[in-house]
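Let's take a friendly walk through one protein model. Have a look at the picture first, and then we will visit a helix, a sheet and a helix pair.

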Amino acid sequence: MDLFDSNTAERTNLPRNMIENSMFEEEPDVVDLAKDSNTFPAFSTLDPDEVAYEPRSSRLLVRGLGENDMDDDEEDCESSARLLGMSFMNRSSAHRSNSSPYIRQSPPRTCSRPSACTMVVCVLVLVIVASLVMVMYLLPGCTFTRAGCPKSNKTAPLEPVYPNSTNGELFPWAELRLPHSIQPLSYELTLTPDLDNMTFTGRTVIKMSVLHSTKRIVLHAANLNITKAMFKLGDGQAHDVTVLEYKPRQQIAVKFPEELKTGQQCVLIFDYSANLSHTYDGFYNSSYTDKDGNKRVLAATQFEPLSARKAFPCFDEPSFKATFLIRINRKPSYMTLSNMPQAKTTPISNTLMQDEFEKTNVNMSTYLVAFIVGNFTSVSSNATGTNVSVYSIPEKKEQTGFALATASKLLQFYNGFFEIEYPLKKLDLVAIPDFLAGAMENWGLITFRETTLLLDSNSSHLEKQVVASVIAHELAHQWFGNLVTMSWWNDLWLNEGFATYMEYMSLQEILPNLDTGNLFLSVRFRAMDKDALNSSHPVSTEVNTPEQVEEMFDSVSYEKGASILLMLNASLPKEQQFKKGIIQYLNTYSGSNTETENLWNSLTQVSTPPQNISEMMSSWTSQKGFPLVTVSRKGDQVTLSQEPFLLTSDNTTQKSRLWNIPITYVNDSCSLALECRQMYTLKYKTENLKVPESVKWLKLNYKNTGFYIVDYGNDGWNALIEALSKNISVLTPEDRASLIYNIFALSRLGRVPFQQVLHLLNSMSGETEPSPVTEALLQLNSIYRLLDKRQESGLAARMKAYILNHFGSLMKNQSWGEEQSLSKQELRSALVSTACILNEESCTDQAKSLFKKYHDSNFTIKIPGDLQQAVFTVAAQSEDDWETLLELYTATTYDAEKRKMLKGLASTQDPRHIAWILKAGLNGDIIQTQELPLIINTVCNGFAGYLFAWDFIQVNWDRLIEKFPVGSFAIQTIVKSTTSQFSTQAHLDQVQAFFSSLKQRGSQMRSVQEALETIRLNKRWMESNLKAFGKWH
């Protein structure tokens, strides 16, 4: 899934006994009740799943006492003896009467008292005797040995602790993940959506195989009203069964009086009804307004990660792959699409037609199933035997050409690159008018936002770059994710990291004019921003709640995953070795599920000379963060040392963590060509390498292909700054951008004074390449906004003056006409946007003039695509032009342009307009709710809006999480946007208090921890640098 723009208190929902038991870690029980049936004949046999997942707390139930540091046999016997002793004592005291005539007389004072020692011994003897009597009385024939009591007690065994289902009956499963006793083989789905009443009915037939003997089948269903359920075993007759439901985990179950035996096949049939979802997941309704002003409705699906269960009962985990045969009943005025080609259409009544699709010829995970009901038109072509089609609403058919051509080229490229043909007969790309994610890789039916698929004939190269990147990402998923799927969401990066890497690599091959290299460099920097936080997570990390599943869709899984693949590819000794390894991986695991280690093993198998890839790469996937490499030099000896790059010092973090780092470096004798690159693997805390004493400087991390930051020390930085001031072209543009990112990061860490940052920027005063300029502008603008929001107006004015002075000549040299070069468009867009946001007079005058021409020509004179954002932002600062822009927004059908208009509208500094646009985005009438995260992000960038937005999300939090799942990328974006520019203790306290009050409604989200950490870091940086800024001239 492409995100584009791209733990809750679950325990509170459990019965009290489950809450208490959940405090203990899980591990197999000492007593294997499933296997040792002779010892405990009264116990029913347990599923292998139940043995595997039995909580440690079950020891308390079997043993009756807490855990002690002794071996298991001793513990069991001693526990039994203690229980018997306590029982005897309780029984004795219960029979004792307060009115007993046997009253103890005081002994004569002349008698000597027994010693304390004698009394203790007597009491112990009495207790032992009493215990033995009770043993003989209660457990005849039991001999206490280390082997315990071989004969069973006739006391009924304690049942495992399960939650209550909705009808009050015990639900037969107590884990988030389903048991693996049952494997679904095939689904037959028949759905009848009613788009007038926004409901649907369905029948699901699931054929299954029993992998382990069991008395239950547990699967998923959410918000489905199951009206009838039937079960059939083998060739037997189908009969009604009762369905139990446990809503907190969205699970349903059927229990059986007799065991289903290993190897048997069975069928479950469900009839049900439900409402079409009003959010953006499951089987949801959507609408748009056609060219005549009429409202049109449609229904579409978005199942990743956990929402197939909202459309049909299913085993909704990635590892439960099966085939699917789908039928959809619809009115004749609609059309339908699904993963496979349509097989036939049959009239079933005067008002309904049934579209039946071919059975999938591949096993699929449930999250890849898709179907759509609506009115679409298409354009098609044939690419190496596959029918490729792009669908849109009728009014936008002319905007599908670029997507069709790009998808056809990419399909041919991937077929050749992976040496595995795309396995389905057709590939549809559908632009959905109301769609939250950037796109979704459903096998054979990829769904997109209109903004990420459709382009008009006047679109700029930058707009084409966006669309091509999303298409490339989703097509790569047809192999990485669909053909080979991660076993569980903890390894989501195997899907998303690969697709992200392949999107950039493929476009550099087939559409080099789109220059995606700079884009990939920028997203690697942003991934490091997130991963530098202590609240980050490993690429492959434990996932135990639905919210944690949602939170895996972040820049660590996507961009960091892609970055470490780039680093690995760049470090392998032979050019095609990485390609051979991933082909080996795809061939070995085609149609199945994998874990991270499977990928490393495939790459190891093809490595020449032999190399343990797992040993090298596990340090990058199993621990969060990345290393800081420090360089020091004395003569011909260079010392390299590594440590975690930690913006927040945390005593619980292991600072001894090490990475296996493929260091690349160049020097002043040869620094530009790939042949100049030298390599060294840094495995330990500190290592040395030798260079000629004549070398004046070293630049590590050639073209920033490695995922680490470098500190050159004062002498090393000065040498690089001196070299760049003499000849800026002595390093590649990527390396210059890398230096800028590194020095800002080190300043944030406190390792480099901000004055050194300015020295580096001043040495690049002649910079004209997009990647260094855009990175410098991004970093400086971020500091300017922090100063501005902190109301340090004097210092903010100095930062503004520095930016306009440093980049002023470059800004003024930009033209305002059409520009064909994409790199020049990138540069111009960044410079003009910054100049206009900072109210540079000549920039705002040009923008106003261009908007006036656009308006006066009745919008026939087009604004160049890379300048539209700056022009619309300036226009929105005027009351009249804001209203004009709003009218344009509601009327235009060009989605890329429409989105820029929306960002312009949201950039207003008028409080009334800010309040209106936030409310309109939430209501979803004039502005689709899918755009609300973008609106909030844009509003927060302005001085007038950031406090508005923070108040808005506090007031409307419950409505927000109704529309966007807790932990989802949309919620992550909203939390980050509204908090990332706070830098005071007061705001830190506010944010902490608000999110703490949410409890299970979001308080445990990782994005909340990131927000709090970011505010603390902003506060620390400001307090450390405000004094220095005050002396800045």
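Helix α11 (residues 556-571) has 16 residues, and at 1.5 Å a residue it should span 22 Å; its end C-alpha atoms lie 21 Å apart, which agrees. The expected span is 1.5 Å times one less than the number of residues. Helices (H or I, at least four residues) and strands (E, at least two) are DSSP runs, numbered from the N terminus. Of the 16 residues of α11, 15 are buried, so this helix is largely enclosed by the rest of the structure. Buried means under 20% relative accessible area, exposed over 50%, and partly exposed in between (1.4 Å probe, protein chains only).

This is a predicted model, in which local features need pLDDT of at least 70 and side-chain atom pairs count only at pLDDT 80 or more, while totals for chains, interfaces and linings use all residues. Residues are numbered from 1 along each chain as its sequence is written, and side-chain values use heavy atoms, leaving out hydrogens and water.

Next comes the sheet. Five strands form an open sheet with mixed pairing, in the order β16-β17-β18-β20-β19. Two strands pair if DSSP finds at least two bridges between them. Strands β18 and β20 run parallel and are joined by five bridges; Asp428 has Leu445 in β20 as its bridge partner.

| Strand | Residues |
|---|---|
| β18 | 426-432 |
| β20 | 445-449 |

Finally, Glu1023 is found in helix α31 (residues 1006-1030). Glu1023 is partly exposed, with a relative accessible area of 48%. Its C-alpha atom is separated by 9.3 Å from that of Ser983, 40 residues apart along the chain.
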